[in-house]
Amino acid sequence: MSPADHHAEERSAVAAASGAADKRGYVQAMFADIAPRYDFLNHLLSFNIDRGWRTRAIAALDVGKAPAGKYLDLCAGTLDVAVELSKQPGFDGWVLGADFVEAMLRAGRSKAAGRAVFGVTADALALPMQSASVDGAIVAFGVRNLTDLDAGLREVARVVKPGGRFVILEFTTPPNPIVRAAYGFYSRRMLPFVGGLISGNRGAYRYLPESIARFPSADELSKRMGAAGFMNVRYKLLTMGTVALHVGVRSS
């Protein structure tokens, strides 16, 4: 790829992260392209810490309160979270993994074999589900990619039953300036190089730090969850503040 092509790729990534009109199409094409190497790169680039983050998020959903319930894994990708949720002790319900990138769901299909996990190609802003139809919902590293965050939060509030939990696991900007500087160097310099080299799509790993930098703070996300219809919203920062785990309860 020529230097001019590299610059054009980076401009597209920055524009999409900034919320350009074509963000939806960009994100959809980007994830379809990197789907075959997505899981490998997630583990590699996070030094395998991402497994622990997902474990914490699933525990926060507390499916033990309704072990035979129906749960939504939003922006489900390769179904990692959905499958792990279905493996929880005593779980006897089912999980719907919704993602608008069919290639990602296909990449994770083998994981769900023999599990009560069902993948469906669907947009997070217009879920093909009845109101108050699931006992809880979870999204891991997906709300950052929505073209309209508030509309997405309201849509989750629509499908979750009153009293049901909604868990969001998402990257955030570390509050500590030293950690923030180190994290910024890693995410803006190392991620695009390594991720681009392995996936063949440098723009995808340029988009990642740009989208994190433009995403609301943990405090702001809490307020927006509240405005969308969730109460008792709380959050915890993980791994030196690079990731935030939010939990809210659907109000009646």
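User: How many nonpolar, polar and charged residues does the lining of the second largest pocket have?

Analyst: By class, that lining has 18 nonpolar, six polar and seven charged residues. Please keep in mind that the model is predicted.

User: What is the general idea behind finding a pocket?

Analyst: Rolling a probe the size of a water molecule over the atoms shows where empty space is left. In this structure, the second largest pocket has a volume of about 390 Å³. Its lining comprises 31 residues, and those closest to the centre are Cys75, Ala76, Asp99, Gly142 and Asn145.

User: What is the volume of the largest pocket, and which residues lie nearest its centre?

Analyst: The volume of the largest pocket is about 620 Å³. Its lining has 31 residues, with Leu45, Ser46, Trp53, Phe171 and Leu191 lying nearest the centre. Two or more lining residues come from each of the helices H2 (23-34), H3 (38-45), H4 (50-61), H8 (177-199) and H9 (202-213). When the lining of the largest pocket is sorted by class, 23 residues are nonpolar, five are polar and three are charged.

User: Let us turn to helix packing. At what angle do H8 and H9 pack, and how far apart are their axes?

Analyst: One reads the angle together with the distance between the axes. For H8 and H9 the angle is about 155 degrees, and the axes are 6 Å apart. Angles over 145 degrees count as roughly antiparallel, and H8 and H9 are therefore roughly antiparallel to each other. The crossing in which H8 passes H9 is right-handed.

User: Which residues make the contact of H8 with H9?

Analyst: H8 contributes Tyr183, Ser187, Arg188, Leu191, Pro192, Phe193, Gly195, Gly196 and Ser199, while H9 contributes Arg202, Tyr205, Arg206, Leu208, Pro209, Glu210, Ile212 and Ala213. By class, the contact of H8 with H9 has nine nonpolar, four polar and four charged residues. Leu191 of H8 takes part in this contact and also lies among the residues nearest the centre of the largest pocket.

User: How do H2 and H9 pack, and is their crossing left-handed or right-handed?

Analyst: H2 and H9 pack at an angle of about 125 degrees, and their axes are 10 Å apart. This angle makes H2 oblique to H9. The crossing of the two helices, H2 and H9, is left-handed. From H2 the contact involves Lys23, Tyr26, Val27, Met30 and Ile34, and from H9 it involves Gly203, Ala204, Tyr205 and Tyr207. By class, the contact of H2 with H9 has seven nonpolar residues, one polar and one charged.

User: Why are H7 and H10 described as oblique to each other?

Analyst: Helix H7 (residues 149-159) and helix H10 (residues 218-228) pack at an angle of about 50 degrees, with axes 9 Å apart. H7 and H10 are therefore oblique to each other. H7 passes H10 in a right-handed crossing. On the H7 side, Leu149, Asp150, Leu153, Arg154 and Ala157 meet Leu221, Arg224, Met225 and Ala228 of H10. In the contact of H7 with H10, six residues are nonpolar, none is polar and three are charged.

Terms used:
Residues are numbered from 1 along each chain as its sequence is written. This is a predicted model: local features need pLDDT of at least 70, side-chain atom pairs count only at pLDDT 80 or more; totals for chains, interfaces and linings use all residues. Side-chain values use heavy atoms; hydrogens and water are left out. Axes are lines fitted to C-alpha atoms, for helices over the stretch in contact, and angles run from 0 to 180 degrees between N-to-C directions. Helices (H or I, at least four residues) and strands (E, at least two) are DSSP runs, numbered from the N terminus. Angles under 35 degrees count as roughly parallel, over 145 as roughly antiparallel, 65 to 115 as roughly perpendicular and the rest as oblique. A crossing is left-handed if the near helix is turned anticlockwise from the far one by less than a right angle, and right-handed if clockwise. Contact means heavy atoms within 4.5 Å. Ala, Val, Leu, Ile, Met, Phe, Trp, Tyr, Cys and Pro count as nonpolar, Asp, Glu, Lys and Arg as charged, and the others, Gly among them, as polar. On a 1 Å grid over the protein atoms alone, a cavity is a set of points where a 1.4 Å probe fits but cannot get out, and a pocket is an open set with protein on both sides within 12 Å along at least five of seven lines; lining residues have an atom within 4 Å of a point. Grid points are joined across faces, edges and corners, and a volume is the space filled by probe spheres set on the points.
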